[in-house]
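Okay, thanks for coming, everyone.

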Amino acid sequence: MTTLFISDLHLDASRPHITRLFVEFLRDEAARADALYILGDLFEAWIGDDAPDPTADEVAAALAELHAHGVPCFYIHGNRDFLLGDAYARRARLTLLPDPSVIEIEGEPVLLMHGDTLCTDDAPYQAFRAQSHTAQWQRAFLARPIAERQAFAAQARAESQRYTRSVADAITDVNPSAVSSTLELQDAYRLIHGHTHRPARHVLERAGKPAERIVLGDWYTRGSVLKLGAADAALLSLQTSPEVAP
């Protein structure tokens, strides 16, 4: 059994070579897997299922093709595309999962998260997240004209980039206590998440037993995939081919 995990692709029209790399991945590596899990931020921004987006259309078709080949694809929302809704999920044949979710692989529980809720030291972001995840805020935002939503998303991205450059790396990384308490609460010994763009495998301990936190990488310049099999887990890097490069 082989299960694949990816996150933080941040797909948009400005990096078509990464979209092509993702589509190739779906038709090659993912087509041979038992399941694919996308742990958030598939897109650079998502302002609603009703907004026209050729990149999103291409991705939906490729994901639906993967589903037609018998490979289920599961999705946890990220901080950039938390407004991705049921309409797009139906088009792409995605199964939406709550954050966090616990799945079972080879008889062992595995905790899946996007990872942003673990960054508890980032108080400004957590305040915005709490506000923007309310039904009232989302209804009001989605009721705005598409042009206004696009402008808001562009401004939010620019402010996020400025903020990230201005604070210490530790602020935007996970809090160790939050990781420990979440593993305890969810009764799991393996955690897989994205969000921080710091791919690594971290050895932990929970209740005197070995535990592990696996961080997925982003797809800004190359692909990052976790391949989880019956015996081991491996973080893989996908290079763009000459035909795919910009």
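Let me start with a question: is Gly-85 buried or exposed? Buried, because its relative accessible area is 17%, and by the cut-offs here buried means under 20% relative accessible area, exposed over 50%, and partly exposed in between, with a 1.4 Å probe and protein chains only.

Before going on, a word on what you're looking at. This is a predicted model, where local features need pLDDT of at least 70 and side-chain atom pairs count only at pLDDT 80 or more, while totals for chains, interfaces and linings use all residues. Residues are numbered from 1 along each chain as its sequence is written, and side-chain values use heavy atoms, with hydrogens and water left out.

Back to Gly-85. You'll find Gly-85 in the loop between β3 and α3; the labels are DSSP runs counted from the N terminus, with helices being H or I of at least four residues and strands E of at least two. Leaving aside residues up to four places away in sequence, Gly-85 touches Trp-46, Asp-49 and Leu-96, where contact means heavy atoms within 4.5 Å. Leu-63 is 22 residues away along the chain, and the two C-alpha atoms are 15 Å apart.

Now the sheets. One is open, with six strands in the order β4-β3-β2-β1-β10-β11 and mixed pairing; strands count as paired if DSSP finds at least two bridges between them. β4 (94-97) and β11 sit at the edges, each pairing on one side only. From one strand to the next, the twist averages 25 degrees; axes are lines fitted to C-alpha atoms, for helices over the stretch in contact, and angles run from 0 to 180 degrees between N-to-C directions. β10 and β11 run antiparallel, joined by six bridges, and Val-225 stands opposite Leu-236 in β11.

The other sheet is open too: five strands, ordered β5-β6-β7-β9-β8, again with mixed pairing. Its edges are β5 (101-105) and β8 (200-206), and each has a single partner strand, so one side of each is left without a neighbour in the sheet. The twist here averages 25 degrees from one strand to the next. Helix α7 (176-186) packs on this sheet, touching β5, β6, β7, β8 and β9, and its direction makes about 65 degrees with that of β8. Inside the sheet, β7 and β9 run parallel with four bridges between them, and Ile-192 has Ile-214 in β9 as its bridge partner.

On to helix α1, residues 16-27. Its buried residues include Phe-22, Phe-25 and Leu-26, and what covers the buried residues of α1 includes β1, β2, α2, β10 and β11. Phe-25 touches Leu-4, Trp-219 and Val-225, among others, not counting residues up to four places away in sequence.

That takes us to the largest nonpolar core, which has 40 residues, with Phe-22, Phe-25, Leu-42 and Leu-63 making the most contacts inside it. A core here is a set of buried Ala, Val, Leu, Ile, Met, Phe, Trp, Tyr and Cys residues joined through side-chain atoms within 4.5 Å. β1, α1, β2, α2, β3, α3 and α5 each supply at least two residues of this core. Apart from it lies another core of 17 residues, among them Tyr-37 and Val-110.

Last, the cysteines. Cys-73 counts as buried because its relative accessibility is 2%, and Cys-119 does too, at 1%.
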